[in-house]
Amino acid sequence: MKEKPMWDMVLNVLKDERAIAFSIVLLTAFGCTPASMTESPRDIQLSQKWELQPGDVVAGRQVLGGLGDISLALNGDAIYAPFDGRVQPYKPNCVIFSSEEMPVYLFRLCGLNQQHFGFRRAGQALGTGDELRLALLTKQPDGRWAIVEPSKKIIEKMLQPS
């Protein structure tokens, strides 16, 4: 039986090392996908029929806020979950926060960076940003949502970690 030359053995080892390195890259990229990627976007039917909503685009420019939104300067700071709840993607640059503690209300939060999707405990960060545009939605008997004024106490709770 013919013995393999040393060069062939070195090439086989290098091929094995490349295969292992490639496998590690694939596992890192796809096998360790963060929980934020598993949240499905939330669809909300608003009862108000305003033409422009946050996330819409007009002449190539994104609408950042609309009627019913409250704008707050965060200056890079975090916004926190006021209750245990769930964060889901909504429109571009917006998320929806919902909680079983307040099942007939949703918080629409726009302008956050580094959003944290999925279940969040009260006091955990939902994301950070320079400017937050917040709207509180309440569920109507017909299943659609209406924008209502949020409580100052809830906004304060969202701005301070617990």
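**View A. Cysteine 94 and its burial.** Cysteine 94 has a relative accessible area of 4% and is therefore buried (buried is under 20% relative accessible area, exposed over 50%, partly exposed in between, with a 1.4 Å probe and protein chains only). Cysteine 110 is also buried, at 0% relative accessibility. The model is predicted: local features need pLDDT of at least 70, side-chain atom pairs count only at pLDDT 80 or more, and totals for chains, interfaces and linings use all residues. Residues are numbered from 1 along each chain as its sequence is written, and side-chain values use heavy atoms, with hydrogens and water left out.

**View B. The disulfide between cysteine 94 and cysteine 110.** The S to S distance is 2.1 Å; a disulfide is a pair of cysteine sulfur atoms within 2.5 Å. The count by this rule is one disulfide. Cysteine 94 belongs to strand E6 and cysteine 110 to strand E7, so the bond ties together parts 16 residues apart in sequence (strands, E, at least two residues, and helices, H or I, at least four, are DSSP runs numbered from the N terminus). The torsion about the S-S bond is about 105°, so the disulfide is right-handed.

**View C. The aromatic pair.** One aromatic pair is found in a search of the whole structure. The ring centres of phenylalanine 97 and phenylalanine 107 are 6.1 Å apart and the planes are at 50°, so the pair is tilted. Rings of Phe, Tyr and Trp (its six-membered ring) pair if their centres lie within 6.5 Å; planes under 30 degrees apart count as stacked, over 60 as edge-to-face and the rest as tilted. Both phenylalanine 97 and phenylalanine 107 are buried.
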